[in-house]
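Subject: Handing over the structure

Hi,

Here is the structure I promised to pass on.

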Amino acid sequence: MLRIGIDLGGTKIELMALDESGRMLLRRRRATPQGDYQGTVEAVAEMVEAVESEHAQRDSRVGVGIPGAESALDGRIKNANSTCLIGKTLRQDLEDRLQREIRLANDANCFTLSEAIDGAGHGAEVVFGVILGTGVGGGIVVHQRVLTGANRIAGEWGHNPLPRLEEENLMPPQCYCGRYGCIETWLSGPGICADHLRHGGQLLAAEEIAARASAGDPASDATLGRYERRLAKALAQVVNIIDPDVIVLGGGLSNIDRLYRTVPALWAMHVFSDMVHTRLLRNVHGDSSGVRGAAWLWNER
Ligand SMILES: [Zn+2]
């Protein structure tokens, strides 16, 4: 029985197929039909059918990772930044089209599951996965199973307000979700860029700020310092609640090397404990984590 993982992103749809033993058979990708919901459902179904016909298989198990969540109320997609999915009954529509049960999960949950199974969190009981990218997402995996939660938002920490702003008198920025000062507005890629500008810096990409900081530019170094203090505060709250063995970082900002050194040194003062054993680790599977986790959705239960 094949297991097929689909990472349904705003710009591309990626597919990975695993054999019975969990070995990867193939990967492929195509562009996401822009602003076209029906076209997106059809594109996913066609990719699955193509793999099945090449392998003379039917009824493979399909898991789909999406940048959003399924409402526990009516199965409609919410919180998606690919807005053409919002309000759609994606799982039902894929099930109707492919005539089988489909497992659907938030992309941050897929990332965390993939890293918990055979990535940075391998062997850990409780793993908190964080995506620091265009947005900020989170997922919780306990004993290699995704914790979905009563409202299907377990781990959605990016839209909590950042605990205690810095000394400076900053107006919390408004988030796309309508709230002010969400963790995402500070810790996402656009968040760090905006913060650099706010403090008199140039408009630079996050990677450029990190590169300039390591080359000794004081303004970029200060921006990264603020970022680290905020990340430490925000993660300390997670540690106080679920006390994970491992926190794995993903997304573009997870490539900043110094975070793994500086943030654990800073979070200790905010965690309610005499010591912090939680390890902060970089992801192992990089951009593949979403599609791998989607395929692993059928590993559980
Ligand atoms: Zn928000």
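This is a predicted model: local features need pLDDT of at least 70, side-chain atom pairs count only at pLDDT 80 or more; totals for chains, interfaces and linings use all residues.

Before anything else, a word on contacts: two residues count as touching when they have heavy atoms within 4.5 Å of each other. Residues are numbered from 1 along each chain as its sequence is written, and side-chain values use heavy atoms, with hydrogens and water left out.

Let's start with V276. Leaving aside neighbours within four places in sequence, V276 is in contact with W267, A268 and V271. V276 sits in the loop between α8 (259-267) and β12 (279-282); the helices (H or I, at least four residues) and strands (E, at least two) are DSSP runs, numbered from the N terminus. Its relative accessibility is 24%, so V276 counts as partly exposed. On that scale, buried means under 20% relative accessible area, exposed means over 50%, and partly exposed is in between, with a 1.4 Å probe and protein chains only. If you want a sense of distance, the C-alpha atoms of V276 and Q174 are separated by 32 Å, and the two residues are 102 apart along the chain.

Now the metal site. Which atoms hold the zinc ion? The protein donors are H159 (ND1), C175 (SG), C177 (SG) and C182 (SG), lying 2.1 to 2.4 Å from the zinc ion. Donors here are N, O and S atoms within 2.8 Å of the metal (3.2 Å for Na, K and Ca), and water is not among the atoms, so sites may look incomplete. Along the chain, the zinc donors follow the spacing H-x15-C-x1-C-x4-C. The arrangement is tetrahedral because the 4 donor atoms subtend angles of 105 to 116 degrees around the zinc ion; four donors count as tetrahedral if all angles lie between 85 and 135 degrees. As for the cysteines in this site, C175 is buried, at 7% relative accessible area, and C182 is buried too, at 1%. C177 has 29% relative accessibility and counts as partly exposed.

How many disulfides does the structure hold? There are 0, taking a disulfide as a pair of cysteine sulfur atoms within 2.5 Å. C193 is a case in point: the closest cysteine sulfur, in C175, is 16 Å from its own sulfur, which is too far for a bond. C193 is buried, with a relative accessible area of 14%.

Next, helix α7 (residues 218-242), where you will find S220. With 0% relative accessibility, S220 counts as buried. Not counting residues up to four places away in sequence, S220 touches H196, I209, R212 and A213. V238 is found in helix α7 as well, and at 7% relative accessibility V238 counts as buried. Leaving aside neighbours within four places in sequence, V238 is in contact with F128, W157, D243 and P244. V238 and P264 are 26 residues apart along the chain, with 13 Å between their C-alpha atoms.

Is Q38 buried or exposed? Q38 counts as exposed, at 55% relative accessibility. Q38 and L85 are 47 residues apart in sequence, and their C-alpha atoms are 9.8 Å apart in space.

Two backbone spots deserve a look. Most residues other than glycine have a negative phi. Q99 is not a glycine, yet has a positive phi of about 55 degrees. Q99 is in the loop between α2 (90-98) and β7 and is exposed, with a relative accessible area of 62%. H143, not a glycine either, has a positive phi of about 50 degrees. H143 lies in the loop between β9 (136-142) and β10 (145-146), and at 52% relative accessibility H143 counts as exposed.

Last, the second largest pocket. Its lining has 22 residues, of which E70, L104, A105, T148 and R152 lie nearest its centre. β5 (69-70) and β7 (102-106) each supply at least two lining residues, and the largest share, 5 residues, comes from β7. A pocket here is worked out on a 1 Å grid over the protein atoms alone, as an open set of points where a 1.4 Å probe fits, with protein on both sides within 12 Å along at least five of seven lines; lining residues have an atom within 4 Å of a point.

Over to you!

Terms used
Four donors count as tetrahedral if all angles lie between 85 and 135 degrees; four count as square planar and six as octahedral if opposite donors are over 155 degrees apart and all others between 65 and 115; anything else is irregular.
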